[in-house]
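I opened this entry to look up the overall fold and then the aromatic contacts. My notes follow in the order I checked things.

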Amino acid sequence: MRLFDEFAEEHELVDRVAGSLVRFASQIEDRESVRSDVADFVRFFRVFVTGYHHEREEEILFPALIEHGEVPGGRGPLMVLEADHVHGASLLDDLEAGADYPERAAMLARSLAHHLWEHVDKEESVLLPEAR
């Protein structure tokens, strides 16, 4: 049960940082440090979300659900969530590449935040209830 609580806490953190990303995007015209701010967000999402959170989901939670929870691995919710992880990483790459273009960075920041919110909602409403 502790692992599920940790995932829920991590989802709350991702939600909050995604909200900060949207606030950043709404104020991007007033910032001279866009590249630096984008780099900070990218670092957080690469280290914490991709390198820690998603890795634990893909290496611990998903295999356990396939083995013990009768959740199909090659289709259904796990396939969708894994595709979401790949799409999120792609959005992150795009955000990093767009850091020198404030309007593009703002649009990509909003896209990434909304993607993360939708992804967390899928996990909280479909995957974690199934796992518990």
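I took the radius of gyration over C-alpha atoms, and the globule rule as 2.2 Å times the number of residues to the power 0.38. The model is predicted.

**Entry 1: overall dimensions**

I applied the globule rule to the protein chain: for 132 residues, a compact globule would come out near 14 Å. The chain itself has a radius of gyration of 16 Å, which agrees. I also looked up the extent of the C-alpha trace, and along the principal axes it spans about 50 × 25 × 20 Å.

**Entry 2: secondary structure and packing**

I counted four helices and zero strands in the protein chain. Read along the sequence, the pattern is α-α-α-α. I then checked the contacts with a separation of 6 or more, and 75% of them involve residues 24 or more positions apart. Of the 132 residues, 40% are buried. For the accessible surface I noted about 7400 Å², with 51% belonging to carbon and sulfur atoms.

**Entry 3: Phe-24 and Phe-41**

How many aromatic pairs does the count come to? I found four aromatic pairs. One of them is Phe-24 with Phe-41, a tilted pair at 5.4 Å centre to centre and 45° between the planes.

**Entry 4: Phe-44 and Phe-45**

Why is the pair of Phe-44 and Phe-45 edge-to-face? I needed the cut-off here: planes over 60 degrees apart count as edge-to-face. The planes of Phe-44 and Phe-45 stand at 75°, so the pair is edge-to-face, with the ring centres 5.2 Å apart.

I then checked burial, for which the limit is under 20% relative accessible area. Phe-45 has a relative accessible area of 3% and is therefore buried.

**Entry 5: a charge over a ring**

Which ring does the charged end of Arg-56 sit over? I found the charged end of Arg-56 over the ring of Phe-7, at 4.9 Å from the ring centre.

Technical notes: Residues numbered from 1 in each chain as written. Predicted model: local features only at pLDDT ≥ 70, side-chain atom pairs only at ≥ 80, totals over all residues. Heavy atoms only, no water. Phe/Tyr/Trp six-rings, centres within 6.5 Å; stacked < 30°, edge-to-face > 60°. Buried < 20%, exposed > 50% of the residue type's maximum accessible area, 1.4 Å probe, protein only. Lys NZ or Arg CZ within 6 Å of the ring centre and 35° of its normal. Helix = DSSP H or I, 4+ residues; strand = E, 2+ residues; numbered from the N terminus. Contact = heavy atoms within 4.5 Å. Areas by Shrake-Rupley, 256 points an atom, 1.4 Å probe, with all protein chains shown as cover.
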